[in-house]
Amino acid sequence: MLSAIAVRRAAQAALESSQPSSSEQPSPLPTPSTPSPNPISEPKRNSNPPSKRKSSSVNGKSSRNSKKTKIVPGRAPANARYFESKNTVEGGEDVIMLGSSSDSESDVQVKQVLDSSDDSEAEEAQNPLVSIELPLYPQPSTSEPFQLSTFRPTPDLNVYELSTDEASAMGLQNATSVLSIDREETLALLGSYALTVLKGSVSILGITLSPSKVAHHVFAPRSAPIPILRCASSDVHADLNTYFFPPRIGNNHGGAVVAIQSLDTGVEGLGRVCRVFDGVFEPSRWQRSSAEVIRPGVSLVTHSTRDMLPFVLPESWSTALSVAEMSPSSADPIPLSVYVVKGPKKSGKSTFARTLLNRLLARFQRVAYLECDVGQSEFTPGGLVALNVVDNPVFGPPFTHPSLPYRAHYVGATSPRCSPAHYLAAVQALLETFKLEVQTSMPDDESIDTRVTDVTPLVVNTMGWTKGLGADLNAKIEELVEPTHVFEIIGTEEKGWPTAPSAYDTLYNQPAPSKAFQYTLEAISPNLTNTHFNAVDQRNLNILSYFHAIFPPIASASFPSLSAPIRQMTATKWETSHPLCARYPYEVDWSQAFDQIILIGAGYEDVISSEISNVLNGAIVGLVECEPGTEDPVYPDPSGARELPYAQARHPPVPSTSTCHGVALIRAISPSSSHMHILTPIPPAILARCRVIVKGELELPIWGMLDFTDANDGVAGAEKGRVPYLQWGKSEGLGGERRRVRRNLMRKAQM
């Protein structure tokens with residue numbers, strides 16, 4: 001018996017011999033899946049851009065009926081069988097390809113691309129912004145592993161273990177490994193380490209580092225793109241006398257020499273707190289055999305895996321960053337630059353903003369960073385609109401550098417959907433603070449730093465909510481900021497990302513700023529995005545990292561008066577040996593320490609005073625400091641108050657006269673006294689200045705309520721069934737049980 005393919009080929013040969021020549025018959029017979037009109041004329045009639053709404057079927061039927069009668073082009077219908085008719089053989093394009101149909105399809109595709117580019121050029125001609133179209137970068141696919149490291153460590157050839165005396169003679173502390181990297185080599189290190197450039201220059205995460213005495217802290221977990229070290233081409237004669245190498249370290253001609261040291265910060269312990277990120281600073285099970293240990297806690301990885309992807313800087317990003325950091329001529333003054341980064345979620349917007357921040361720090365001594373994304377914040381936990389003043393490059397994901405902001409305001413939610421007016425007022429107040437206190441300063445002539453000190457640029461990271469109300473809020477923020485450079489990341493329409501508007505003034509009825517440069521960037525390819533950790537996991541880790549962080553001590557000279565602002569501080573270590581339920585809290589007398597307790601968010605205006613203690617118990621709150629005389633206390637004489645200072649339906653503090661120093665966890669409230677236990681990494685000197693507590697929609701993640709030190713899976717020695725706020729096993733609420741489906745009942749029509 002002949003096979004199906006052989007029979008189809010024979011039928012096709014017989015069909016071609018029976019058909020007339022090409023001069024007599026201009027086109028082949030239509031197949032059952034091809035409509036009688038010419039299909040290539042459809043795209044030509046439609047000059048408008050494609051709609052986001054799913055199109056109905058060709059015959060005009062409903063989408064429900066079209067699912068039943070849908071026929072895939074180029075294939076036989078589902079109910080057709082082999083040897084049924086000659087038309088069925090013609091539809092078998094999986095075996096026989098017809099040249100005429102394929103050629104016509106390719107012509108249509110080329111014409112559509114040309115038409116779309118012509119439309120985009122017409123839109124750019126109407127755009128009053130100075131728009132710069134940047135080339136797209138062909139991002140690789142993840143079908144095969146990437147080669148991350150071409151560097152092959154060889155002892156006493158390109159890897160040198162320094163003794164204590166040799167390291168101290170070079171000005172380095174602790175045990176050090178010196179690596180010599182050639183020009184064409186790449187190096188990918190997994191873990192947390194201190195990087196010091198000794199000779200040459202090295203590029204990492206989109207910036208170039210030159211030899212200096214600064215040890216840069218690099219955090220490279222598998223949950224974030226792995227930084228790749230490369231030897232950059234730059235002048236090396238300026239750093240000949242920076243370090244004196246031991247005689248056994250050979251000369252590296254044209255390459256770079258770096259020092260790698262282990263970091264003892266305790267950040268790896270966050271994996272015990274949030275088990276989703278357990279072991280992210282160690283090689284996965286697919287790489288344990290091939291990874292090589294450079295230092296304790298630092299491993300060299302050679303290839304990427306499905307849970308570890310490299311940091312790739314697209315060409316359009318590199319071009320935009322080079323233009324943004326371009327220095328003016330010596331005769332021109334340093335401009336006051338404001339950079340706005342916008343784009344949809346999961347497009348790499350925060351990554352580009354962090355890279356831009358690092359690029360600007362190579363030229364300026366300080367860079368201001370305005371965080372408007374309350375869901376995925378860079379330096380603070382979620383729910384805060386914060387102004388940060390950064391003076392060191394940032395090499396790591398957000399949970400590796402929690403900070404106390406320069407100024408911030410508490411929104412109390414991961415989205416400004418419930419309080420858009422308060423959100424915009426907070427952004428406007430931070431912009432006023434930047435213009436009055438941060439933007440310009442007196443130059444420091446005694447500093448040996450060659451970077452610009454009298455001007456501080458601003459980087460604004462907008463939120464990824466780019467539809468509906470989110471688009472209106474982002475447009476209002478851009479109007480308030482008055483940017484000089486706008487970086488907009490555009491994703492593909494198939495991913496659900498909205499396309500950029502054709503003109504700025506068509507949506508908001510306002511002229512665009514004439515001095516703003518518009519840069520259109522491509523989004524990060526989904527193939528280079530780690531899908532093992534979603535946005536909720538990253539947000540939970542940021543909150544837990546904040547509560548376990550240890551900030552450097554603050555001297556009394558940092559704030560001589562109560563109204564003086566403090567400098568931004570970044571955490572240097574993490575204490576993860578104890579869970580939050582076992583850590584020593586602050587015992588606060590709320591009758592003396594707090595003037596107001598405010599609830600913000602949907603439904604909180606209905607909370608009565610008798611229930612406020614239940615609402616605050618186990619809640620995350622914002623610690624707010626208000627200027628004296630701007631907020632009226634609930635009780636004029638708080639010493640005799642017997643209830644918490646809460647008034648129903650109060651508005652949040654005015655952003656122009658207040659600031660939020662951070663968040664805290666109210667672990668317990670005494671029912672018989674005016675004491676409460678508070679957990680917060682904020683130093684006591686700053687905590688004493690916060691007289692207002694604001695409770696929003698932000699809640700503590702489940703991981704923060706568990707006790708990872710209890711061998712019996714309890715919490716603080718208590719059994720599972722007696723732990724408050726938690727429930728193990730099947731839920732007992734309505735709809736908690738699994739629905740039982742019975743398939744042995746007859747319908748009425750079957751009787």
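## Helix H8 against helix H9

A crossing is right-handed if the near helix is turned clockwise from the far one by less than a right angle. By that rule, H8 passes H9 in a right-handed crossing. The structure is a predicted model. The axes of H8 and H9 lie 10 Å apart, and the packing angle is about 35°.

H8 contributes Trp-317, Leu-321, Ser-322 and Ala-324 to the contact. H9 contributes Thr-351, Phe-352, Thr-355, Leu-356 and Arg-359. By class, the residues of this contact are five nonpolar, three polar and one charged.

## The buried side of H8

Which residues of H8 are buried? Helix H8 spans residues 315-324, and its buried residues are Ser-316, Trp-317, Ala-320, Leu-321 and Ala-324. They cover an arc of only 130° around the axis, so they sit on the same side of H8.

What do the buried residues of H8 pack against? Their partners are strand E12 (338-342), helix H9 (349-361), strand E18 (485-490) and strand E19 (517-522).

## Helices H10 and H11

Two packed helices are described by the angle between their axes and the distance between the axes. For helix H10 (residues 420-438) and helix H11 (residues 469-481), the axes come within 11 Å and cross at roughly 20°. Angles under 35 degrees count as roughly parallel, so H10 is roughly parallel to H11. The crossing of this pair is right-handed.

On the H10 side, the contact is made by Pro-420, Tyr-423, Leu-424, Val-427, Gln-428, Leu-431 and Lys-435. On the H11 side, Leu-469, Leu-473, Lys-476, Ile-477, Leu-480 and Val-481 take part. The contact of H10 with H11 has ten nonpolar residues, one polar and two charged.

## Overall make-up

The protein has 17 helices and 28 strands. Of its 751 residues, 45% are buried. Take the contacts between residues at least 6 apart in sequence: 78% of them join residues at least 24 apart.

Val-178 belongs to strand E3 (residues 176-181). Its relative accessible area is 1%, so Val-178 is buried. Neighbours within four places in sequence aside, Val-178 contacts Asn-158, Val-159, Tyr-160, Leu-162, Leu-198, Ile-249, Val-257 and Val-258. Ile-294 is 116 residues from Val-178 along the chain, yet their C-alpha atoms are separated by 9.8 Å.

Thr-196 is in strand E4 (residues 186-199). Is Thr-196 buried or exposed? Its relative accessible area is 2%, so Thr-196 is buried. With neighbours within four places in sequence left out, Thr-196 is in contact with Leu-172, Ser-212, Val-214, Ala-215, Tyr-243, Val-257, Val-258 and Ala-259. Val-257 and Val-258 are among the contacts of Thr-196 and also among those of Val-178.

## Loop residues with positive phi

Lys-346 is in the loop between E12 and H9. Its phi is near 60°, a positive value in a residue other than glycine. With 69% relative accessibility, Lys-346 counts as exposed, because the cut-off for exposed is over 50%.

Where is Glu-482 placed? Glu-482 is in the loop between H11 and E18. Phi is near 55° for Glu-482, again positive in a residue other than glycine. The relative accessible area of Glu-482 is 56%, so this residue is exposed.

## Two loops brought together: Gln-376 and Ser-415

Gln-376 is in the loop between strand E13 (367-371) and strand E14 (384-390). Ser-415 is in the loop between strand E16 (407-410) and H10. In sequence, Gln-376 and Ser-415 are 39 residues apart. In space, the C-alpha to C-alpha distance is 9.8 Å.

Ser-415, at 18% relative accessibility, counts as buried. Gln-376, at 23%, counts as partly exposed. The cut-off for buried is under 20% relative accessible area.

Gln-376 touches Ser-350, Glu-371, Ala-535, Gln-538 and Arg-539.

Conventions
Residues are numbered from 1 along each chain as its sequence is written. This is a predicted model: local features need pLDDT of at least 70, side-chain atom pairs count only at pLDDT 80 or more; totals for chains, interfaces and linings use all residues. Side-chain values use heavy atoms; hydrogens and water are left out. Helices (H or I, at least four residues) and strands (E, at least two) are DSSP runs, numbered from the N terminus. Buried means under 20% relative accessible area, exposed over 50%, partly exposed in between (1.4 Å probe, protein chains only). Contact means heavy atoms within 4.5 Å. The arc is that of the directions from the helix axis to the C-beta atoms. Axes are lines fitted to C-alpha atoms, for helices over the stretch in contact, and angles run from 0 to 180 degrees between N-to-C directions. Angles under 35 degrees count as roughly parallel, over 145 as roughly antiparallel, 65 to 115 as roughly perpendicular and the rest as oblique. Ala, Val, Leu, Ile, Met, Phe, Trp, Tyr, Cys and Pro count as nonpolar, Asp, Glu, Lys and Arg as charged, and the others, Gly among them, as polar.
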